[in-house]
Amino acid sequence: MSMTQDELNPTRDTEPITNGQSAVSTLTPPAMRLENVSVSFNGRTAVRDCTFNVASNRVTSLIGPSGSGKTTLLRSLNRLHDLTRSAKVEGKIMLGDIDIYGGSLPPTLLRSRIGMVFQRPNPFPTMSIYDNVVSGLRFNGIKKKALLDEAAESALISAALWDSVSSRLKAHGSTLSGGEQQRLCIARALAVEPEILLMDEPTSSLDPISTQRIEELMVELKNRVTIIIVTHNMQQAARVSDDCAFLLMGEDRAGELIEFGPTTKIFNDPSDPRTLDYIQGRFG
Amino acid sequence: MTDVLMDLPPDPILERRRVIQETASKKIGRRQLNSRILSGVFGLTLVLSLIPLVSVLATLIKRGVGVISWGFLTHDPIQPTLINQNAVGGIGNAMVGSLVVDGIAALVAVPLAILIGLYLAETESRTANFMRAITEIMTGLPSILLGVFAYIYIVLTMKAYSGFAAIVAITFLMVPVITKAAETAIRGVPHTLREAGLALGARNSKVSRGVILPVAAPGLITGVLLSLARAVGETAPILLVIGISGRTDWNPFHQMSALPLDIYQDSASGYASQQQEAWGIALVLVVAVLVLSLGSRFVAARMRREQR
Ligand SMILES: Nc1ncnc2c1ncn2[C@@H]1O[C@H](COP(=O)(O)OP(=O)(O)OP(=O)(O)O)[C@@H](O)[C@H]1O
Ligand SMILES: [Mg+2]
């Protein structure tokens, strides 16, 4: 791994953040820290030895070829592998100063603090647009109508969906277009006011215009949440992310972290030749 | 220009395309014939299978429709005597008996079976496999055995025939049927929806209730209505345990009557009026079963359409 101590240091820069492309971390401590994280299925390692920090209020992208374990790594961050019996997560994942697999934080509480948007839009088909957006709040026991209304409006505005759906909140979520459905899912995740938002190729099933809106959204959302995004789209990673982790399959086809650092550095001056090859599209 | 092209060696792709298209057009005649023969066979089978259904319905309507009236459905039966041989009473007692027995059995069986179905659909374990096997066996069990079971454990212990014992037997009849339907319906719900719910911080049980069951609802309702249709028509499980009652009685701890049971008793009677009554009840039952099974298809289709 080609990471310097400096890059792991959370308090290395004092420059205030002004736009999405500033490539350095903040004064604030990292939102999440991964230490030697490995995930295996039935004893077969899918991704191994990932160590990096996720900076607060930044976008961190995970890139790498198909099968390099990006999704697997992402799903270990909100303990979604708990559902898979054969899956085993090793290493340490810290949310602030809580070890998320340490037993002090129940998975349900963890997941209400770390939202997720999936590759394919998956609105709840029996629920209206409004019910979809507030479903996370209801699941977490919030019943007060005023609070739900407020949260729904704010989340839909943040997801750039309010203008087009405010007049038909009672309509089914499945009546929306694919791009709108994905923004509905983003609104649903945002309504719970998560500290961190995990996005697994959120635009891969969308057209260029919807993709652009969601990319703009990510940059706007930074002051509200920390975003970790998996993407196959190099330009997308370059456009939206501040930090970037590059994963690649090793000899035994298990994914490993090749390089982590500010996106500008990864894309312009990578330390590892394999990163350069991948960025320039020489393999993958 | 064309001469030059003619002289070129044949392009293997074009050649292959030509062979494929020629073969396909030669085969199309055969295929059309085949499909016509098959449609014929299917049509014939359909007609053959409809014959018994239609003839039963026709007989029932012919023989039974005459006795059916509001009074027939609501009044208690009249015991015919030698002097009054043609008095046709009502079946109010049996209507109420069936309603109470099947209704309470459904109230118990539906939630229980849906819970078991959820468990079976969501867990991979030896226990789950074992329970699935038990469910399978119970579905195929001759229903009279449920009657024997209720007789031994309820009637003999309570030292009384009762609607309650019939409720127990019918519940055991319904649970495996609904469980099977529920498991299938729940397994059909995309896994991504459960993940979406859990990723919002919901507990597993909340996701099941709030997301999975509503999506599975059309299949669940079909299962419930079909199991009700079966329960309403079953004589065997209740024959041994319900006793007999000629009066309308809503108390399930008393002896009761039920529609299929009345057919059984009335048809064995020597009085023409009783036999006519049996035809009437049979018609009522068939209509009930048809309404339930057609209704289940209608409701399910409608809900599926709404989900889209
Ligand atoms: N539930 C599972 N059971 C067994 N193996 C799994 C499971 N999920 C993922 N894997 C394996 O883990 C490896 C990494 O898969 P993963 O989905 O994380 O790749 P990815 O980088 O997200 O690929 P893509 O870009 O195609 O989405 C693959 O070899 C895959 O077969
Ligand atoms: Mg993936």
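This is a predicted model: local features need pLDDT of at least 70, side-chain atom pairs count only at pLDDT 80 or more; totals for chains, interfaces and linings use all residues.
## The shell around ligand 1

## Polar contacts and burial

Oxygen atoms of ligand 1 are approached by both backbone and side-chain atoms of the protein: a backbone N or O atom of A:Gly67 lies 2.9 Å from one such oxygen, while a polar side-chain atom of A:Thr71 lies 2.7 Å from an oxygen atom of the ligand, and for a polar side-chain atom of A:Thr72 the distance to a ligand oxygen is 2.4 Å. Taken alone, ligand 1 exposes 630 Å², of which the protein buries 64%.

In chain A, 10 strands form an open sheet of mixed pairing, in the order β5-β4-β1-β2-β10-β9-β3-β8-β7-β6. Strands β5 (98-99) and β6 (114-117) of chain A stand at the edges with a single partner strand each, so one side of each is left without a neighbour in the sheet. Within the sheet, strand β9 (residues 243-249) and strand β10 (residues 255-262) of chain A run antiparallel and are joined by seven bridges, with A:Asp243 standing opposite A:Pro262 in β10(A).

Helix α2 (residues 70-77) of chain A lies across several strands of chain A, including β1 (32-41), β2 (44-54) and β3 (59-63), and runs at about 120° to β1(A).

Terms used. Residues are numbered from 1 along each chain as its sequence is written. Chains are lettered from A and ligands numbered from 1 in the order in which they are written. Side-chain values use heavy atoms; hydrogens and water are left out. Two strands pair if DSSP finds at least two bridges between them. Helices (H or I, at least four residues) and strands (E, at least two) are DSSP runs, numbered from the N terminus. Contact means heavy atoms within 4.5 Å. Axes are lines fitted to C-alpha atoms, for helices over the stretch in contact, and angles run from 0 to 180 degrees between N-to-C directions. A polar contact is a pair of N or O atoms within 3.5 Å; within protein, one must be able to donate a hydrogen and the other to accept it, and residues adjacent in sequence count only if both atoms are side-chain atoms. Accessible areas come from the Shrake-Rupley method with a 1.4 Å probe; for residues, only the protein chains shown count as cover.
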